[in-house]
Amino acid sequence: HGKLVKDGKSVFEEHMSVREAEAKVVMWIYTGSLSEKPSTATPFTLVKVANDRAVFENPAHDFPKTITYTRRDKDRMDCVIKGVQNGKDAETLFEFRRSGR
């Protein structure tokens with residue numbers, strides 16, 4: 001579960017679920033607040049795992065079409081999403097760091 005907070009308010013929420021389906025690993029992405037409105041799930045199939053990287057794809061989706069997770073070390077992970085936005089190829093990088101608990 002992740003959320004984007006702006007001015008102390010949650011403006012976007014995303015929930016993920018990874019399951020095996022028909023001998024494939026599928027990550028389902030749910031966007032929007034599950035508690036406030038119905039959410040649509042978009043499936044992304046695991047297409048590659050190598051070293052510290054996992055790549056999920058959904059070629060039929062506009063953005064993102066691919067989601068790549070790369071583990072940098074025990075406390076850091078990058079996520080790169082790629083696809084088409086406004087008719088152009090687009091890419092966004094998210095850098096995740098483990099926070100103290």
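**Overview of the chain**

Of the 101 residues of the protein, 27% count as buried, where buried means under 20% relative accessible area, exposed means over 50%, and partly exposed lies in between (1.4 Å probe, protein chains only). The model is predicted, so local features need pLDDT of at least 70 and side-chain atom pairs count only at pLDDT 80 or more, while totals for chains, interfaces and linings use all residues. Residues are numbered from 1 along each chain as its sequence is written, and side-chain values use heavy atoms, with hydrogens and water left out.

The secondary structure comprises 0 helices and 8 strands; helices (H or I, at least four residues) and strands (E, at least two) are DSSP runs, numbered from the N terminus. Read from the N terminus, the order of elements is β-β-β-β-β-β-β-β.

**Backbone features in the loops**

Select A23, in the loop between strand 2 (9–21) and strand 3 (24–31). A23 is not a glycine, yet its phi is positive, at about 65°. With a relative accessible area of 72%, A23 is exposed.

Next, select F63 and P64, and display the backbone atoms. The peptide bond that leads from F63 to P64 is cis, its omega being near -5°. P64 belongs to the loop between strand 5 (53–57) and strand 6.

Continue to N86, in the loop between strand 7 and strand 8. N86 also has a positive phi, near 55°, in a residue other than glycine. Its relative accessible area of 80% makes N86 exposed.

**Salt bridges**

Now show the charged side chains. A salt bridge is a side-chain nitrogen of Lys or Arg within 4 Å of a carboxyl oxygen of Asp or Glu, and by this rule the count comes to 5 salt bridges.

Select D78 and R72, whose side chains meet in a salt bridge at 2.7 Å, N to O. Which of the two partners counts as buried? D78 does, at 11% relative accessibility, whereas R72 is partly exposed at 44%.

Then centre the view on D75, which is partly exposed at 32% relative accessibility. The side chain of D75 meets that of K74 in a salt bridge of 3.7 Å, N to O; K74 is exposed, with a relative accessible area of 59%. D75 also forms a salt bridge with R98, the closest N and O atoms being 3.2 Å apart. R98 lies in the segment after strand 8 and D75 in the loop between strand 6 and strand 7, so this pair ties together parts that are 23 residues apart in sequence. R98 is exposed, its relative accessible area being 59%. Through shared partners, salt bridges join K74, D75 and R98 into one network.

**The second largest pocket**

Rolling a probe the size of a water molecule over the atoms shows where empty space is left. The second largest pocket holds about 180 Å³ of space. Among its 11 lining residues, those closest to the centre are D75, F96, R97, R98 and S99. Strand 6 (66–73), strand 7 and strand 8 (88–97) are the elements that give two or more residues to this lining. By class, the lining residues divide into 2 nonpolar, 1 polar and 8 charged.

A pocket here is an open set of points, on a 1 Å grid over the protein atoms alone, where a 1.4 Å probe fits, with protein on both sides within 12 Å along at least five of seven lines; lining residues have an atom within 4 Å of a point.

**A nonpolar surface patch**

For the last stop, select M77, F94 and F96, which make a nonpolar surface patch of about 250 Å². Patch residues have over 30% relative accessible area and no salt bridge, and nonpolar side chains are joined within 5 Å. M77 lies in strand 7 (residues 76–85) and is partly exposed, with a relative accessible area of 32%.

Conventions
Patches are made of residues with over 30% relative accessible area and no salt bridge: like charges are joined within 9 Å, nonpolar side chains (Val, Leu, Ile, Met, Phe, Trp, Tyr) within 5 Å. Accessible areas come from the Shrake-Rupley method with a 1.4 Å probe; for residues, only the protein chains shown count as cover. Grid points are joined across faces, edges and corners, and a volume is the space filled by probe spheres set on the points. Ala, Val, Leu, Ile, Met, Phe, Trp, Tyr, Cys and Pro count as nonpolar, Asp, Glu, Lys and Arg as charged, and the others, Gly among them, as polar.
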